[in-house]
Amino acid sequence: MLIKTLTVGMLGTNCYIVTDEKTLQCAIIDPGAESSVILDYVESNKLETAAIFLTHGHFDHYMALREVMDATGAPVYINALDINVGGWGHKRKLSAIEGLNWYNEGDVVKVGGLEFTVLETPGHSPGSVTLKCENALFTGDTLFRDDCGRTDLSGGNMEDMLESLRRLSALEGDYEVYPGHAESTTLDRERIFNYSMKSATGDM
């Protein structure tokens, strides 16, 4: 599994391109902006986009979706609870895009030989998900290095966030953590140093 991080847009959203190196099929996670940068990487590496995943429905994670969707023809997956949470006055509404696919807790989407398992982790938004693939967690705006996502936006809920952090902390073993913004981390590190996660688990 090869993971490429592209930081795009004014809010520095991490778009991840996750590739099965045997088949060259890939998944694009959170095409937040700069479609040309995303598509150039896919095309220059001769990748076949098998799926586009949205960790949640805030605009900074999907503003390049239409262009990437049209160029690749790949199916798009999002939790249905987040279909209308992220417009914030922007013209590109997710609800106006036809052909979206819903994924929910426990669903598995295959990309080549890779399997992405959906974990529902609300709090930042009602339909936020974490995607688990091999030893990697793509946590969107739920879990960051040293922090968690904000809960003061429409649909955010602190109690849900704390429960989601407890859930991630309770996963067996260590994982590489790829958040929606800023640098990557590991689950073991966050268990030790992340104040929000430690507060959620009572391990203070």
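Two strands pair if DSSP finds at least two bridges between them. The views below come from a predicted model.

**View 1. The β1–β2 hairpin.**
β1 and β2 pair in the antiparallel sense over seven bridges. T5 has Y16 in β2 as its bridge partner. The two strands form a hairpin, with four residues between them. G9 sits in the turn and has a positive phi of about 80°. In general, strands of a sheet pair through backbone hydrogen bonds, either parallel or antiparallel.

**View 2. The largest nonpolar core.**
This core has 27 residues. Those with the most contacts inside it are I17, I28, I38, L65 and L94. Two or more residues come from each of β1 (2–8), β2 (13–20), β3 (25–29), α1 (35–44), α2 (65–72) and β5 (76–78). The largest share, four residues, comes from α1. In soluble globular proteins, nonpolar side chains tend to be buried together.

I17 lies in strand β2. Is I17 buried or exposed? I17 counts as buried, because its relative accessibility is 0% and buried means under 20%. Beyond its neighbours within four places in sequence, I17 is in contact with L2, I3, K4, L6, C26, A27, I28, I38, Y41, V42 and L47. P31 is 14 residues from I17 along the chain. Their C-alpha atoms are separated by 9.3 Å.

**View 3. I38 in the core.**
I38 is among the residues with the most contacts inside the largest core. Which residues does I38 contact, leaving aside its neighbours within four places in sequence? They are L6, C15, I17, I28, P31, A33, A64 and V68. I38 also belongs to the set of α1 residues that meet α2.

**View 4. Helices α1 and α2.**
The axes of α1 and α2 come within 9 Å. They cross at roughly 30°. That angle makes α1 roughly parallel to α2, because angles under 35 degrees count as roughly parallel. α1 passes α2 in a right-handed crossing. On the α1 side, the meeting residues are S35, I38 and L39. On the α2 side, they are E67, V68, A71 and T72.

**View 6**

**View 5. The six-stranded open sheet.**
This open sheet has the strand order β7-β8-β9-β10-β13-β14. Its pairing is mixed. Which strands lie at the edges? They are β7 (108–111) and β14 (185–186), and each pairs on one side only. Strand β13 (residues 176–179) runs antiparallel to β14. Two bridges join this pair. E176 stands opposite T186 in β14.

**View 6. G127 in the β8–β9 loop.**
G127 has its place in the loop between β8 (114–120) and β9. At 2% relative accessibility, G127 counts as buried. What does G127 contact, leaving aside its neighbours within four places in sequence? The partners are T55, N79, L81 and D82. G127 and I3 are 124 residues apart in sequence. In space they are 24 Å apart, C-alpha to C-alpha.

Most residues other than glycine have a negative phi. E134 is not a glycine, yet has a positive phi of about 50°. E134 is in the loop between β9 (129–133) and β10 (136–140). D146 is not a glycine either, and has a positive phi of about 70°. Where is D146 placed? D146 is in the loop between β11 (143–144) and β12 (147–148). D146 counts as partly exposed, at 39% relative accessibility.

**View 7. T201 in helix α5.**
T201 lies in helix α5 (residues 195–201). At 37% relative accessibility, T201 counts as partly exposed. Leaving aside neighbours within four places in sequence, T201 is in contact with R166 and S169. T201 and P31 are 170 residues apart along the chain. Their C-alpha atoms are separated by 32 Å.

Notes. Residues numbered from 1 in each chain as written. Heavy atoms only, no water. Core = buried A, V, L, I, M, F, W, Y, C linked by side-chain atoms within 4.5 Å. Buried < 20%, exposed > 50% of the residue type's maximum accessible area, 1.4 Å probe, protein only. Contact = heavy atoms within 4.5 Å. Axes fitted to C-alpha atoms, helices over the stretch in contact; angles between N-to-C directions. Parallel < 35°, antiparallel > 145°, perpendicular 65-115°, else oblique. Left-handed = near helix turned anticlockwise from the far one by under 90°.
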